[in-house]
Amino acid sequence: MRTALRKTALGAAALATAVAYLAAPTSPASAQSGFPCPRIMAICAYTEPGGQGALRLIFEDTPEIEPPFLSAQNQTSGPWCFYSEPGFAGQRREVSAGEAVEDFGFPVRSLKEGLCEEP
């Protein structure tokens, strides 16, 4: 009897821990943004402002993006630079690790990992 109760208690504790882990946000930025972004080390890019529209996951430098996107969440461990033109040109905006951008103010047509460099 004691063994069965102990196993039930351990199972309940493990289940509660798993539920709490899954419900916790990955970072303060994701908690604030509310973007529907999977827990993965990538850029979650959305075709509409506020994390709406079609979702695209980006893992590496991308010199040309079609269709462009308007909002994003950086779930990587470093900054990324987002550009308004293909080939890493035009207006740019740096996005820190964990940061979510509701609206870039321009359609993003290319991006690369790292700090935005002066032209």
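This is a predicted model: local features need pLDDT of at least 70, side-chain atom pairs count only at pLDDT 80 or more; totals for chains, interfaces and linings use all residues.

Colleague: Which other backbone oxygen does the side chain of Asn74 reach?

Modeller: That of Gly78, at 2.8 Å. Asn74 itself lies in strand 3, residues 71-74, and, leaving aside residues up to four places away in sequence, Asn74 touches Ala42, Ile43, Pro79 and Trp80, as well as Val95, Ser96, Ala97, Gly98 and Glu99.

Colleague: Does Asn74 count as buried or exposed, and why?

Modeller: The cut-off for buried is under 20% relative accessible area, and because Asn74 has 1% relative accessibility, Asn74 counts as buried.

Colleague: Turning to the cysteines, how many disulfides does a search of the whole structure find?

Modeller: In general, a disulfide is a covalent bond between the sulfur atoms of two cysteines. Here the search finds two, and with the bonded cysteines numbered in sequence order the pairing is 1-2, 3-4. Cys37 and Cys44 form a disulfide with their sulfur atoms 1.8 Å apart, and both of these cysteines are buried.

Colleague: Why is the disulfide of Cys37 and Cys44 right-handed?

Modeller: The torsion about the S-S bond of Cys37 and Cys44 is about 70 degrees, so this disulfide is right-handed.

Colleague: Which parts of the chain does the pair of Cys81 and Cys116 link?

Modeller: Their sulfur atoms are 1.9 Å apart in a disulfide, and the pair links distant parts of the chain, 35 residues apart, with Cys81 in strand 4 (residues 80-85) and Cys116 in the segment after strand 7 (110-113). The link of Cys81 and Cys116 is right-handed, with 105 degrees about the S-S bond, and both cysteines are buried.

Definitions and conventions
Residues are numbered from 1 along each chain as its sequence is written. Side-chain values use heavy atoms; hydrogens and water are left out. A disulfide is a pair of cysteine sulfur atoms within 2.5 Å. Buried means under 20% relative accessible area, exposed over 50%, partly exposed in between (1.4 Å probe, protein chains only). Helices (H or I, at least four residues) and strands (E, at least two) are DSSP runs, numbered from the N terminus. A polar contact is a pair of N or O atoms within 3.5 Å; within protein, one must be able to donate a hydrogen and the other to accept it, and residues adjacent in sequence count only if both atoms are side-chain atoms. Contact means heavy atoms within 4.5 Å.
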